[in-house]
Amino acid sequence: MRTRTRKAMEALARGCVALLLGSAMTLLQGCSSNGGGSTSTAGAPGSGGVTAVAGSATGGSPVAGGQPATGGQPGTGGSPVTGGSATGGSSVTGGQPVTGGSPVAGGQPATGGQPATGGQPGTGGSPVTGGSATGGSPVTGGSATGGSSATGGRGAGGTSGGTSATGGRGAGGTTGGSSATGGGGVGGTTGGTSATGGVPSTGGATPTGGTLPPPAGRTKMILNADWKFYKGDATGAEATGFGDTAWTKVNLPHVFDTPYYALKKGVFWYVGYGWYRKHFNVQADWKVSKRIVLEFEAAFQVAQVYVNGKLQGEHKGGFTGFYFDITDAVAAGDNVIAVRVNNLWNAQIAPRAGDWLFLGGIHRDVYLVVTDPLHVTWYGTFVTTPTVSATSATVNVKTEVKNENAAPASCKVTTTIVDATNAAVTSMESSQSIAAGAVYVFDQTSSAIANPHLWSVATPYMYKVLTTVSNGSGAVDSYESPLGIRSIEWTADQGFFMNGTHVLIDGINAHDDRAGWGIAQTNAGFRRDVKLMKEAGFNLIRECHDPHDVAWDDAADQLGMMEWAENDFWGVGGYSDSQDGGWRQSSYPVVAADEQPFQDNLKQQLTEFIRERRNHPSIIVWSMGNETFDVTSGTPMTNCKAFYKVLSALAETLDPSRKAAVGGAQRSGFDQLASVIGYNGDGATIATYQNPGKPSVITEYYDHAGVASYPWRAGQVRWVGYGYGSFLTDNGGLGGVVDYYRLPGPEWYQYRQEKLGTSYTLPAAGTAAKIVLTADNLTIGNDGTDDTELTAQIVNASGTAIDSTAPITLTVTSGGGLFPTGASMTFDNSKCPDTRCIRYGMAKMTMRSYTAGSITVTATSPGLTSGTVTVTCVDSGGLAASVGGS
């Protein structure tokens, strides 16, 4: 019997609309503590807070009463630094997040304009004789998934089982698993009246032209270049006048262990403190009339942020974003940021365990965001598609707007949906007076969009949602969110459906560290990683086992790759009950005093995780963690399982449009703790876990052949896509379908042939004559979000790629190009820290630059003719997109 969830989810949406965004805001409240400047009223959540249409059920405004009037939007940091209670009391002064949005692939200088993977010979890593990897990779449309029939068909009311996935629509596929959240709440119809407390809305207005509202009010500047770094702890380093001239000059993204290599079993990475310092300028008019926010995409794992010597707050959690409103701490002119980061194991912070190298540092981008006092909050839009079919769809957008003026403000929110050509498809408009210091949630549902382009693996069509905030005088803020129109449904007996069509999941696991740079990759690098697995024919990536960069999600949206998104709640085989650190501990605390802080931290991270990524159509499920059954027996096990249910319920409250999952559930009854089950390894064959009565997928299988398929199994996910750093296995970085240098192994070519029909011939031994050096991106930006991947291939006299282990050195002979080792990097299998950095006569490494100009790189090897390539680095201007989000 089919498992259907729509009615239940509609009920959840109606019953929990106030919780939906309100719980997110409540959880974020108290996550950031504001050193020396906390202005929360006695710390009480909601104290003095506005009851913006206080709890109107019809309005669906979930913010009511819960917002502290003084601090405004609660910060997303970790525990309070100065001893204040983390439970809603201590809010960031001014605290309003600015929609940082995601420094998305599409919006970055390189990603949209980057040559297609076929453009450069060798892109994708194919050393195949014949050269270009292009012809072989029918990336979009080549995937056989989605076209699979659903073992006899969709069932009553669905499409015929044989319907092709090209277009991914299928003639009768309706909403499927699409949640009714965003349906507008009681009385919030798709047409005239918005669900936000009955605020008038134009609802169904459909502009005939392609004119977009102009960007307004928001400035987003990237701060990746020119930091000073010290590995260790430094007393007084937060002070503005601290002497850092002897510190190392670095650029972000960065990790303590640069250059990074996967280490042998039992050899640990640097664990301790690191300090970062940077000067930045503030315009005088900002200080007078704007809100200024410092936004971090992530720092592992505890970050204390100072501005001009004053502690702004602390964030605990290594893979989710956070922000601090620094308006009151800055002055016009020169200012100093100082960040103290540590990657010490902490019994009260997730993860407590994991088979990886947990590198410290500010490993993702940092932004300065300047907004009007009336503005969209940090990732403050929630975009869903309540109804979806091939002929019609509606879009619901909930938008949080904060008024940080000293007086009430008249606010109008105009939401315009535009297609891939930037032509307006439909728009909505709502107005509301917002009290000083309050947050109001505008809830708007569009009129029906006729014949929408549906997002699928084969046709990853992306719309955009443009939000304009106006006061009585005109537009003051703008924000951009990604939109892919699609429905999803998980069933216990027939697997997974998208847009009413059965899709067999054929996925790959992927960590996000890379040789040289570690987890400090660029947005362009993350896009390249997603693309490489798409080119091998996979249709889903499991982001194991932590929230990856939001740029990863953007790339998956654009390339057509589904995602199993996972929070960083880990277990690890052979765990210990000792409390000496090292990430080889019980996944859940064994000391009672650690339990509540650990639970609070994991809820905080999950809330940040979902809030940042909820608008990405590529994400089809939220996984709570991986193999968390590795927990001490007795009370810790009992409490862990109870908490896992709480965590799963929280995820489905924060985002009722997706289910919560448990990854690696093949022990101790963990498969009963979430709505979707992921079994690792032997869980594929253990009798207890066959046809479990819930939607299920094999989240890790270990050999090329895969596991047996059954009608009730949604699919399987290969372990592992990329080599990764491990302290439990020797040379973990060399494992994987592609190793951690991003050198494809034989299985990558084999998968590509089997799934996409791309034939290959691996290079054979021969007489080396010269090196051919290519770059997959000949023009890059200088803001640290962009790079180019250089491929040095040894060839014979006739230019045919050969299998050779001759050492190769890449040297920047002119310009500002940087490798993780500086201006030069050598690849030598007899000397590499992990014993192999050349494969099939090929070496790969990404190069970035923070200096505009022409860069020439030469590849040399003793006795061989050198190769040369020239890359142009353009000045990105230090500005991200003028709107947030995508």
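In which handedness of crossing does H5 pass H6? H5 passes H6 in a right-handed crossing. The legends below refer to a predicted model.

**Figure 1. Overview of the chain.** The predicted chain holds 9 helices and 38 strands. Of its 886 residues, 66% count as buried. Among contacts between residues at least 6 apart in sequence, 74% join residues at least 24 apart.

**Figure 2. Packing of H5 against H6.** The axes of H5 and helix H6 (residues 550-559) come within 8 Å and cross at roughly 40°. That angle makes H5 oblique to H6. The crossing is right-handed. On the H5 side the contact involves Asn 523, Phe 526, Arg 527, Asp 529, Val 530, Lys 531 and Lys 534. These meet Ala 551, Trp 552, Ala 555, Ala 556, Gln 558 and Leu 559 in H6. By class, the contact of H5 with H6 has 7 nonpolar, 2 polar and 4 charged residues.

**Figure 3. Packing of H5 against H9.** Helix H5 (residues 523-535) and helix H9 (residues 746-756) have axes that come within 9 Å and cross at roughly 55°. H5 is therefore oblique to H9. Leu 532, Lys 534 and Glu 535 of H5 make the contact with Trp 748, Arg 752 and Leu 756 of H9. The residues of the contact of H5 with H9 are 3 nonpolar and 3 charged, with no polar residue. Lys 534 also takes part in the contact of H5 with H6.

**Figure 4. Packing of H7 against H8.** Helix H7 (residues 592-613) and helix H8 (residues 635-654) pack at an angle of about 25°, and their axes are 10 Å apart. Angles under 35 degrees count as roughly parallel, so H7 and H8 are roughly parallel to each other. H7 passes H8 in a right-handed crossing. H7 contributes Glu 595, Gln 599, Leu 602, Lys 603, Leu 606, Thr 607 and Ile 610 to the contact. Their partners in H8 are Asn 639, Phe 643, Val 646, Leu 647, Leu 650, Ala 651 and Leu 654. The contact of H7 with H8 divides into 9 nonpolar, 3 polar and 2 charged residues.

Figure 5. The largest nonpolar core has 58 residues. Those with the most contacts inside it are Tyr 741, Leu 790, Ile 808, Leu 810, Phe 819, Phe 827 and Val 857. At least two residues of this core come from each of strands E30 (770-775), E32 (788-795), E33 (808-814), E35 (824-827), E36 (842-849), E37 (853-860) and E38 (867-874). E36 supplies the largest share, 4 residues. Apart from this core lies another, of 56 residues, among them Leu 532, Leu 602, Ile 677 and Ile 698. Of these, Leu 532 also belongs to the contact of H5 with H9, and Leu 602 to that of H7 with H8.

**Figure 6. Surroundings of Leu 810.** Residues up to four places away in sequence are not counted in this view. Leu 810 touches Leu 773, Leu 790, Ala 792, Phe 819, Ala 823, Ser 824, Met 825, Phe 827, Met 845, Val 857, Thr 858 and Ala 859. Leu 790, Phe 819, Phe 827 and Val 857 are, like Leu 810, among the residues with the most contacts inside the largest nonpolar core.

**Figure 7. Surroundings of Ala 565.** Ala 565 lies in strand E24 (residues 562-566). Ala 565 is buried, with a relative accessible area of 0%. Leaving aside neighbours within four places in sequence, Ala 565 is in contact with Glu 543, Phe 609, Ile 619, Val 621, Trp 622 and Ser 623. The C-alpha atoms of Ala 565 and Gly 625 are separated by 9.4 Å, although these residues are 60 residues apart along the chain.

**Figure 8. Two cis peptide bonds.** Thr 258 and Pro 259 are joined by a cis peptide bond with omega of about -5°. Pro 259 lies in the loop between strand E3 (248-250) and strand E4 (273-282). The peptide bond from Cys 544 to His 545 is also cis, with omega near -20°. His 545 is found in the loop between strand E23 (540-543) and H6.

**Figure 9. Asparagines with positive phi.** Asn 308 is not a glycine but has a positive phi of about 50°. Asn 308 sits in the loop between strand E6 (302-307) and strand E7 (310-316). For Asn 422, also not a glycine, phi is positive at about 70°. The loop between strand E13 (409-418) and strand E14 (424-434) contains Asn 422. Asn 422 is partly exposed, with a relative accessible area of 30%.

Key: Residues numbered from 1 in each chain as written. Predicted model: local features only at pLDDT ≥ 70, side-chain atom pairs only at ≥ 80, totals over all residues. Heavy atoms only, no water. Axes fitted to C-alpha atoms, helices over the stretch in contact; angles between N-to-C directions. Parallel < 35°, antiparallel > 145°, perpendicular 65-115°, else oblique. Left-handed = near helix turned anticlockwise from the far one by under 90°. Contact = heavy atoms within 4.5 Å. Nonpolar A, V, L, I, M, F, W, Y, C, P; charged D, E, K, R; others polar. Core = buried A, V, L, I, M, F, W, Y, C linked by side-chain atoms within 4.5 Å. Buried < 20%, exposed > 50% of the residue type's maximum accessible area, 1.4 Å probe, protein only.
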